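The sequence and structure come first.

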Amino acid sequence: MSTPSLEQRWPRDHYLSGGFRLRDWLLTTDHKRIGWLYFASITFFFFIGGIAALLIRLELITPGGDLLSPDTYNQMFSMHGIIMVWFFLIPSIPNTLGNFLIPMMIGARDLAFPKLNLLSWHVYTIGALFVVLTVLLGAVDTGWTFYTPYSTLFTETAVLAAATGVFVVGFSSILTGINFMVTLHKMRAPGMSWMRLPLFAWATYATSLIMILATPVLSITLLLIAVERLFGIGIFDPALGGDPILFQHLFWFYSHPAVYIMILPGMGVVSELITCFARNSVFGYKSMVISIMAIALFGFLVWGHHMFVAGQSMYAGVMFSLFSFLVALPSAIKTFNWTATLYRGRILLTAPMLYAFSFIGLFTIGGLTGIILAAMAIDVHVHDTYFVVAHFHYIMVGGMVTAYLGGVHFWWPKMTGRMFSELWSKVAALALFIGFNLTFFPQFILGYLGMPRRYHEYPADFQLLNVMSSLGAGALAIGYLLPLVYLTWSLFRGKPAGANPWGATGLEWQTSSPPPKHNFVQIPRVSEPPYAYRNQDQETTG
Amino acid sequence: MPTATKTRKPLGDQGPVAEQFETMGQQRDANRLGMWMFLGTELLLFGGLFGAFVTYRVIHAEGFAEAAGHLDLTLGALNTALLLTSGLTMALTEQMSRAARPKATFWLLVATIAIGALFIVIKGHEWYKEYQEQLMPVLGLPFSYPGEQPEQAELFFNFYFVMTGLHALHMLVGLGVLGVIATVAWRWRNPPRIARQVQISGLYWAFVDVIWVIVFSLLYLSRV
């Protein structure tokens with residue numbers, strides 16, 4: 001990765017120069033700085049959620065319940081789920097990398113509504129902090145799903161506070177989604193047609209669409225829980241003829257599409273990484289775009305597969321099962337296209353590329369086990385077991401977190417203007433891959449053998465696999481902590497990166513690193529399709 | 001005080017464009033699209049509630065239809081008429097602000113706010129009546145229902161208070177926004193900007209109207 005010495009000159013004026021008082025950060029409307037604000041907040045919440053996970057894995061080393069009481073255990077997995085889903089995964093790639101990159105990728109000076117963007121961060125942080133504080137007020141033990149009637153009529157824990165916090169954070173999602181959608185519609189630079197958008201921008205578009213269509217339904221659902229606990233207005237109360245399954249329908253109408261909020265941005269990042277480090281134009285650009293939008297669309301038609309055993313009608317189950325199988329099609333198209341992009345490429349095994357490779361492997365396993373779960377007969381057997389836990393962690397951690405870290409490494413030089421340690425970053429990528437598989441692969445077996453999720457004790461037969469899983473979690477933790485160390489180090493000591501250290505295409509690489517306040521000295525004009533890497537031949541698909 | 005002597009420029013692309021935009025046209029389009037999308041999310045917010053209500057309306061058809069008969073149809077219809085009228089005044093406000101007529105804009109805004117406030121007062125009166133008739137199953141208040149299926153009726157009234165309450169909350173937000181715009185229109189400094197603001201908030205007000213029409217049909221009209 002040698003860079004021309006001319007490019008290594010540090011830009012005199014950039015978005016980080018000047019203005020390091022607190023108010024310059026907390027009241028900034030620069031999308032790049034707001035990206036940093038999100039970066040700091042979600043990292044904080046990630047480690048809080050991680051501590052909860054660590055306690056869970058420590059408890060599960062032995063079959064008996066010795067470290068945590070049953071109640072504390074319930075609170076730990078609930079906090080882990082709530083924090084990781086709502087305060088880390090959903091905002092992770094869209095709100096940090098998306099915030100930083102979307103305007104630059106389309107050649108704009110900022111998002112369409114910069115103040116709204118800042119408001120969205122404040123709303124998010126206040127809501128999320130509020131929920132974390134509920135731990136001190138008696139926690140929540142409902143799991144991240146808040147199922148009624150347990151959440152409304154029985155539990156003594158602070159469901160009201162937690163639901164309110166998540167409700168508030170939902171507004172942040174909605175505002176961010178609207179902001180990205182409007183920006184992508186109205187603010188593309190001259191020549192940046194829809195079919196020239198980078199796939200990361202397309203993925204963010206699809207994600208935003210899901211955010212604005214699904215989040216309001218979650219909001220009303222949480223609001224109904226809150227009014228039931230606060231005013232005694234029971235909408236789901238079985239004693240009045242209310243239907244708890246209706247709650248599950250409403251909840252999953254949001255939360256299944258939300259699963260795609262937690263994977264589509266990762267797919268977008270990986271498309272950028274693979275093309276750059278294979279020095280190849282992406283294989284089948286149009287089919288990639290159609291697949292992204294198809295996943296977003298199908299995502300709205302499959303929520304019932306969470307309720308195969310909850311008492312919904314069998315015919316509904318059949319339809320939901322069918323649609324769930326259908327989601328596999330666009331996902332498979334994307335996976336094959338990434339692989340085909342590698343074909344006859346000049347592959348560079350940098351740290352971001354290692355993360356991208358991890359993503360493809362882990363996402364494939366996560367996706368295929370998803371098909372197993374979509375088959376109703378098998379789902380009855382493995383429902384609510386560790387098989388399900390392993391499956392969605394392969395998507396959310398193996399997929400999304402891996403892509404997120406890959407993306408952070410890839411765009412780090414752009415965000416900070418500095419390079420990080422090549423060796424340590426590769427070590428971290430490998431630690432993540434090995435630690436992750438060691439943690440979660442045994443859980444597939446555990447689940448298939450019948451170990452249910454959400455229990456703090458288990459029969460002694462399951463101990464070996466559980467110990468493997470807990471050891472893996474330790475390795476995984478190293479994979480998370482290492483980047484924190486060497487990336488922080490690089491902030492101060494890293495070599496200057498220059499405008500385009502990876503030799504990537506894309507408008508964001510055409511401006512200096514770190515970029516100037518309004519991204520471009522002059523708004524660029526776009527005259528070629530995306531991913532015009534010239535390694536192979538002059539032709540580009542799409 | 002808006003006076004006829006103030007400037008009456010036709011609506012044009014004037015005033016500073018926000019720094020992230022290239023042209024005023026782009027800025028206007030972006031704002032309008034943003035508002036439409038926001039209203040889309042609002043529709044889905046209410047949509048979840050409407051979907052849940054319709055589900056129960058089918059499951060508990062008789063109980064719900066009977067309970068609906070205990071709502072005051074006259075007041076509900078009156079409120080519907082009022083709100084639709086306020087929609088008219090708001091639409092006229094938009095026309096007047098585009099034609100850069102300060103007085104008409106201001107007074108039409110005031111009329112819209114007044115009608116909206118009257119709606120809230122009538123709604124509050126209705127709630128008070130239901131409270132007196134012990135049809136308010138909120139905060140453990142006594143609920144005594146004379147009909148056949150008191151549980152289903154309680155469920156119905158739960159929905160009634162959530163739906164009308166959420167709608168009233170949106171009305172209050174709308175009234176606040178219109179109040180701010182009315183003061184801006186009173187000063188009449190930047191007419192094109194006022195016209196844009198009136199248009200955007202007019203969209204919101206129309207949305208609140210539409211939601212009420214659905215609430216009214218679901219709760220009041222689908223009775224025995």
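In the residue classes used here, Ala, Val, Leu, Ile, Met, Phe, Trp, Tyr, Cys and Pro count as nonpolar, Asp, Glu, Lys and Arg as charged, and the others, Gly among them, as polar. The model is predicted.

## Largest cavity

By class, five nonpolar, two polar and one charged residues line the largest cavity. Its volume is about 60 Å³, and the structure holds four cavities of 30 Å³ or more.

Chain A contributes A:Phe171, A:Ile174, A:Pro216 and A:Ser219 to this lining, and chain B contributes B:Phe38, B:Thr41, B:Glu42 and B:Leu45. At least two lining residues each come from helix 6 (159-186) and helix 7 (199-231) of chain A and from helix 1 (24-59) of chain B. Helix 1 of chain B gives the most, with four residues.

## Extent of the interface

Contacts between the chains involve 33 residues of chain B and 39 residues of chain A. About 3000 Å² is buried between them, with carbon and sulfur atoms giving 72% of this area. B:Gln20, B:Met37 and B:Leu44 supply 19% of the area that chain B buries against chain A, more than any other three residues.

## Polar links and elements

There is one salt bridge between chain B and chain A: the side chains of B:Glu22 and A:Arg109 meet at 2.5 Å, N to O. Between the two chains, 10 residue pairs are in polar contact, both residues being at pLDDT 80 or more.

On the side of chain B that touches chain A, helix 1 and helix 5 (150-187) of chain B are the elements that give two or more residues. Helix 1 of chain B provides the largest share, 16 residues. By class, this side of chain B has 17 nonpolar, 11 polar and five charged residues.

Conventions:
Residues are numbered from 1 along each chain as its sequence is written. Chains are lettered from A and ligands numbered from 1 in the order in which they are written. This is a predicted model: local features need pLDDT of at least 70, side-chain atom pairs count only at pLDDT 80 or more; totals for chains, interfaces and linings use all residues. Side-chain values use heavy atoms; hydrogens and water are left out. On a 1 Å grid over the protein atoms alone, a cavity is a set of points where a 1.4 Å probe fits but cannot get out, and a pocket is an open set with protein on both sides within 12 Å along at least five of seven lines; lining residues have an atom within 4 Å of a point. Grid points are joined across faces, edges and corners, and a volume is the space filled by probe spheres set on the points. Contact means heavy atoms within 4.5 Å. Buried area is the accessible area (1.4 Å probe) that two parts lose on being put together, summed over both. A salt bridge is a side-chain nitrogen of Lys or Arg within 4 Å of a carboxyl oxygen of Asp or Glu. A polar contact is a pair of N or O atoms within 3.5 Å; within protein, one must be able to donate a hydrogen and the other to accept it, and residues adjacent in sequence count only if both atoms are side-chain atoms.
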